[in-house]
Amino acid sequence: MRKMMLGVMAAAMVCSVAACGSKREIAAPAKAPATQAKEQTQENEATGQESAEAEGKVAGDSQVEITWWHAMSGVNEEAIQKIADDFMAGRPDVKVTLVNQGGYLDLFDKLMASAKADQLPTMAQVYSNRLSWYISKDLVEDLTPYMEAEGTGFTQADYDDIPKMFFDDGIWDGKQYAMPFNKSMMVLYYNEGMLQEAGVEVPATWEEWEAANEKLTKDTDGDGEPDIYGTVFANNLSTDIAPWLKQCGGRTMNEETDELYFDTPETEEAIRFLNGMFQAQTVRFAGEDKNANVPVQQGHAAMCVASTSALPYIESDTMEGITINAAALPAHKTDDQLYYGTNVTVFNTGSKEQKQAAWDFIKFLTNTENTAYFAAQTGYIPVRKSAQQDSVFAAVLAEKPIKQLCFDNMDNGFQGTRNIGGINALDALGEQLDMVFGGEKDLDSALKDAQANGEKAMEEARNN
């Protein structure tokens, strides 16, 4: 289903998450049906005499305390705090302390500093391309044994319930080092009224998109510069360049060999298409608007490329009289669609009691009921298929079909590569693309320089 409509009205946010327990059948990653929200985990046998602090316990050794570092704020933070409170209500033996570390970059900087100071939290929210470094340093707990444990692990139904794409994002060398948490999809938002007025159908292919941008771009004051653009892109386009490369049959890099594919025919084809629209001045970056959805909300653009997690802001801040809908990204040679999002990981520096408690909490956090609740309160989507039947999330789907768009495109979905230094390499690509899109450099030279600079940046990151 390529197009999903979404009326911009004040309404509740979407989606939720679930998990369950038993033995795992290898190579069967996927989501599972709803499980009881509150579960008692089996206690580990003591193997020696250790202090309460070493064991991660408080209140006279009767309670295990775990700390979760995250970057959620506003309604997102309120939602995870409620889930943590519900967990603790059923597990008085565990205290879950949530610590907001600012935005994502703040969180990642603090995690790196804490790793070097040997003071990592029990668990953290993290992108897999960041987590790769911690795994390479042997700082992350393999969750596979916890998932396979009788009574407190996953059932086969759990594996079948979580989309393979989300599961795989947390697997390295056959070991599960992270579980999916907040996920979203890159989509094409559009101003329904503008498209109807211009007689433009929602573009489903690159050619249709390019033609639509030409019709929708307007210079209303006659100063030679567009006042209304066809499409607005996020300022960090290089970070999210993967879907256009994938749709040309290429990719940004090889996760196994660390080989970069910046200077390839596929990359050139994708960038040439995007650059053609920039040079025609039918598309632009968000610039001072910061987020690509803002110009669409204000009537200054007909379309934008943004995450489904922007939905709450679109609902609350769009000008009166504007109706915004959404569709999957226009396709080219393939119909690949990009899914974003972080996972939750457990560091192996905690006590065995803390690590078990962290797994129990993650299982609770990602069960059907809670992933559905989190998605319903926020702009994210559930990490379990069964959430679509959850009464809370089902009500959201009925009112906001945009969320169904995420489920309908999962067969074409992918998540980014996880190379150590991959972000650094993409930043190097971005520097070159900015010059290309700004008309300051030719594409061939830019891609060659991006390849060389990206390889150097990646190597430096791996050796740091």
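A residue counts as buried under 20% relative accessible area, exposed over 50% and partly exposed in between (1.4 Å probe, protein chains only). This is a predicted model, where local features need pLDDT of at least 70, side-chain atom pairs count only at pLDDT 80 or more, and totals for chains, interfaces and linings use all residues. Residues are numbered from 1 along each chain as its sequence is written, and side-chain values use heavy atoms, leaving out hydrogens and water.

**Exercise 1.** Work out how the rings of F278 and F437 are arranged, and whether these residues are buried or exposed.

*Solution.*
- Start with the rule: rings of Phe, Tyr and Trp (its six-membered ring) pair if their centres lie within 6.5 Å; planes under 30 degrees apart are stacked, over 60 edge-to-face, the rest tilted.
- The rule gives 27 aromatic pairs.
- One of them is W68 with F361: at 5.8 Å centre to centre and 65 degrees between the planes, that pair is edge-to-face.
- W68 is buried, at 0% relative accessible area, and F361 is buried too, also at 0%.
- Now our pair: the centres of F278 and F437 are 4.4 Å apart and the planes sit at 20 degrees, so they're stacked.
- Both F278 and F437 are buried.

**Exercise 2.** Find the ring that the charged end of R418 sits over.

*Solution.*
- Check the rule: NZ of Lys or CZ of Arg must be within 6 Å of the ring centre and within 35 degrees of the ring normal.
- For R418, the ring belongs to W172, with its centre 3.9 Å away.
- R384 does this as well, over F154, at 5.6 Å from the ring centre.
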